[in-house]
Amino acid sequence: MRFLIIVKATPESEAGTSPAPGEELLAAMAGFHEELAKAGALLDASDLKPSSAGWRIRYDGEQRTVIDGPFAESRELIAGYTLIQARDREEALAWSQRFPNPRGQGLPAEIEVRPLYGLEDFPPADSIERFKALGVPT
């Protein structure tokens, strides 16, 4: 099973004043991700640039509208992620409880963990076979 550990944005991460956290936090994150990699659980991880560098696509019927960032409410935005593979929810929970505080020790912060759907979660169909042929993970 795959799980996405979502690091919530903060006003600081949305300000985009620094491309990377301080050395202490960076070292803690590197150590944690090394452990994930050694255990074969790390699939991907990255910080995201502030929403001011991004855009949204709004759908209304057949029409698409591009909305440039920044976006309000940083608490609703994502600042980074780690994608892991775990045997089950309990293993993913154990890994996520060890995730370093993304703002730094002692500061209030929150991460969110969500399981991803796999192709095996959908009923058999030609379109699912097309995704499998593309190498989309199950």
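At the start of helix 3, the backbone nitrogen of E90 has a side-chain oxygen of D88 within 3.3 Å. The model is predicted: local features need pLDDT of at least 70 and side-chain atom pairs count only at pLDDT 80 or more, while totals for chains, interfaces and linings use all residues. Residues are numbered from 1 along each chain as its sequence is written, and side-chain values use heavy atoms, with hydrogens and water left out.

Helix 3 covers residues 89–97, and its buried residues are E91, A92, W95 and S96. Buried means under 20% relative accessible area and exposed over 50%, with a 1.4 Å probe and protein chains only. Viewed down the helix axis, these buried residues fall within an arc of 135°, so they line one face of helix 3; the arc is that of the directions from the helix axis to the C-beta atoms. On the face turned away from the buried side sit the exposed residues R89, E90 and Q97.

What do the buried residues of helix 3 pack against? Their partners are strand 1 (2–8), helix 2 (23–38), strand 5 (78–85) and strand 6 (111–115).

The chain as a whole has four helices and six strands, in the order β-α-α-β-β-β-β-α-β-α from the N terminus. Helices (H or I, at least four residues) and strands (E, at least two) are DSSP runs, numbered from the N terminus. Of the 138 residues of the chain, 27% count as buried. The C-alpha trace spans about 50 × 40 × 20 Å along its principal axes.

Technical notes:
Contact means heavy atoms within 4.5 Å. A polar contact is a pair of N or O atoms within 3.5 Å; within protein, one must be able to donate a hydrogen and the other to accept it, and residues adjacent in sequence count only if both atoms are side-chain atoms.
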